[in-house]
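Biologist: Please take one part of this model and go through it closely. I want its setting, its contacts and what lies beside it.

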Amino acid sequence: QHIPDVILLDIEMPRMDGFEVAAHIRNQKPPVRDIPIIMITSRIGEKHRSRAEKIGVNEYLCKPFQEKNLLAHIHNL
C-alpha cells in the first residue's frame, strides 16, 4: 500500500538475490517499476555492475561506502 521513495538492495540475500529482486521490480507496472534502486554490494567487478545497469538499477555502490555518498545518491534520486 505504501510505495517507497527508494530501494536499497544488496546482491547477496537469502532466497532471491538482489538482481532477481531488481528485475522483479522493473517488471511491475508503474509506479512500482519506477522506484529508484540503489544496489550496495561488496561485488566490485564490472560484470556485476554491468548486470545491475542492464536490469535498471539506478546507482551501484561498493562496500565499504561513505554514508554521506549514499545520502547524496538518495537525495539526487
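**Thr-41 and its surroundings**

Modeller: Leaving out residues up to four places away in sequence, Thr-41 touches Asp-10, Ile-11, Tyr-60, Leu-61, Cys-62 and Lys-63 (contact: heavy atoms within 4.5 Å). This is a predicted model: local features need pLDDT of at least 70, side-chain atom pairs count only at pLDDT 80 or more, and totals for chains, interfaces and linings use all residues. Numbering starts from 1 along each chain as its sequence is written, and side-chain values use heavy atoms, without hydrogens and water.

Thr-41 sits in strand E2 (a DSSP run of E, at least two residues; helices are H or I, at least four). Thr-41 is buried, because its relative accessibility is 0% (buried: under 20% relative accessible area, 1.4 Å probe, protein chains only). A polar atom of its side chain lies 3.0 Å from the backbone nitrogen of Arg-43.

Strand E2 spans 37–41. The buried residues of helix H1 pack against E2, and also against strand E1 (7–9) and helix H2 (46–55). Which residues of H1 are buried? In H1, residues 18–26, they are Gly-18, Phe-19, Val-21, Ala-22, Ile-25 and Arg-26. Down the axis of H1, these residues fall within an arc of 165 degrees, so they line one face of the helix (the arc uses directions from the helix axis to the C-beta atoms).

H1 also has a cap. Asp-17 caps its N-terminal end. A side-chain oxygen of Asp-17 lies 3.0 Å from the backbone nitrogen of Phe-19. Phe-19 is itself one of the buried residues of H1.

Methods: Buried < 20%, exposed > 50% of the residue type's maximum accessible area, 1.4 Å probe, protein only. Polar contact = N/O pair within 3.5 Å; in protein donor to acceptor, adjacent residues only side chain to side chain.
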